[in-house]
Amino acid sequence: MRNSIRSKVDAFIVMDVMEAARRAEAGGRHIVHMEVGQPGTPAPRGARDALARAMEREAMGYTVALGLPELRARIARLYREWYGVDLNPDRVVITPGSSGAFILAFTALFDAGDRVGIGAPGYPSYRQILRALDLVPVDIETAAENRLQPVPGDLAGRDLRGLMVASPANPTGTMLGREALGALIGAAQAAGASFISDEIYHGIEYEAKAVSALEITDDCYVINSFSKYFSMTGWRVGWMVVPENHVRTVERLAQNLFICPPHASQVAALAAMECGVELEANMAVYRTNRALMLEGLPRAGFDRIAPPDGAFYVYADVSHLTDDSRAFAAEILERAGVAVTPGLDFDPARGAGTLRFSYARATADIEEGLARLERFMAAR
Ligand SMILES: Cc1ncc(COP(=O)(O)O)c(C=O)c1O
């Protein structure tokens, strides 16, 4: 049997790094994980308790395709609490993680062959999901002076049907302020490109509050998830906000593609939204870790970095240290016992000269990782 051409997507390199780290651990080594983009903390206590109670009470069968009405209503309320935006709960679609939302958004908005702009560096799966759906990812090489985010001028002459933006972004942690986001949305709309805003790192921000595209326009898709701020990666639950006149289209797709998001995860997610104290305690850890990284990485010799506005990553230019970030990451894993992600995952053109360091784990891990990196670089 042959495989389709569309299935020829690239591996997610960070997953390969995780596998190499796992092998090293199976061989008895202690590895500090600065590669993984997920919290080390479990789902909040209240979420786990709520699910345990619900499991005694309910059969946990399918829910309706758009998700539990209580959860959709609670998410709509979150937009009032976080952004002062009044949101009709009917526009909220619960999804199997933001990854499920990408599939729904791309299939609802685009036809085979349509061109969709994505920032480089950026989250690698955008490119691969687009390819797997026979869409054409168009890399927009972002500039350091724009804090590695796209700007309106980048859209000119590209014939885009869509533009996908993340703020805070992975791998850089940089955010688009209200003005920059508004200008990008305006440019996309003027060019006839649907605007998709990946807001998965909202809530994990350090200096200023992240701006939602919904504060600026209703004519966009906004994607978010319980994976990061709510510390529920493995539960596979996220959400998407779509314009009112798109809800039925997305519902038909969701019914057929997924039937529904995991019922148990929706129950836990609803309760997680009332666990602010625990979630803010996680944030205090990220804040401490970020400060340690901003001090420790330059001390180790990784001094070409920009302070991240949000998320839990530092993206470092290491082009003066290597022209092969994959080999460099392998060397760091082997000799320092620290797993980091090569930039090639995020930027096929320039990522051979960059690394991403994640500081999502416990502070003691970050301290140990930084000490190891410093020793490794001193001996190099
Ligand atoms: C920018 C960005 N979007 C989406 C995802 C996927 O997250 P989810 O667990 O919600 O599918 C990630 C995961 O790391 C991410 O970094």
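Me: What makes a helix crossing right-handed or left-handed?
Reply: A crossing is right-handed if the near helix is turned clockwise from the far one by less than a right angle, and left-handed if anticlockwise. In this predicted model, the crossing of α4 and α5 is right-handed.

Me: Why is α4 called oblique to α5?
Reply: The axes of α4 (residues 97-109) and α5 (residues 124-132) come within 10 Å and cross at roughly 45°. Angles under 35 degrees count as roughly parallel and those from 65 to 115 as roughly perpendicular, with oblique for the rest; therefore α4 is oblique to α5.

Me: Which residues make the contact of α4 with α5?
Reply: From α4, S99, F102, I103 and F106 meet Y126, I129 and L130 of α5. By class, six of these residues are nonpolar, one is polar and none is charged.

Me: Why is α9 described as roughly parallel to α11?
Reply: The axes of α9 (residues 276-300) and α11 (residues 363-379) cross at roughly 5° and come within 10 Å. The limit for roughly parallel is under 35 degrees, so α9 is roughly parallel to α11. The contact includes L292 and R299 of α9 and L370 and E374 of α11. Its residues divide into nine nonpolar, four polar and three charged.

Me: What lines the largest cavity, and how many of the lining residues are charged?
Reply: The whole structure holds one cavity of 30 Å³ or more, and the largest cavity has about 90 Å³ of space. Among its 14 lining residues, G119, P121, G122, Q149 and A166 are the closest to the centre. Strand β5 (162-166) supplies the largest share of the lining, three residues. The lining has ten nonpolar, four polar and no charged residues.

Key
Residues are numbered from 1 along each chain as its sequence is written. This is a predicted model: local features need pLDDT of at least 70, side-chain atom pairs count only at pLDDT 80 or more; totals for chains, interfaces and linings use all residues. Side-chain values use heavy atoms; hydrogens and water are left out. Axes are lines fitted to C-alpha atoms, for helices over the stretch in contact, and angles run from 0 to 180 degrees between N-to-C directions. Helices (H or I, at least four residues) and strands (E, at least two) are DSSP runs, numbered from the N terminus. Angles under 35 degrees count as roughly parallel, over 145 as roughly antiparallel, 65 to 115 as roughly perpendicular and the rest as oblique. Contact means heavy atoms within 4.5 Å. Ala, Val, Leu, Ile, Met, Phe, Trp, Tyr, Cys and Pro count as nonpolar, Asp, Glu, Lys and Arg as charged, and the others, Gly among them, as polar. On a 1 Å grid over the protein atoms alone, a cavity is a set of points where a 1.4 Å probe fits but cannot get out, and a pocket is an open set with protein on both sides within 12 Å along at least five of seven lines; lining residues have an atom within 4 Å of a point. Grid points are joined across faces, edges and corners, and a volume is the space filled by probe spheres set on the points.
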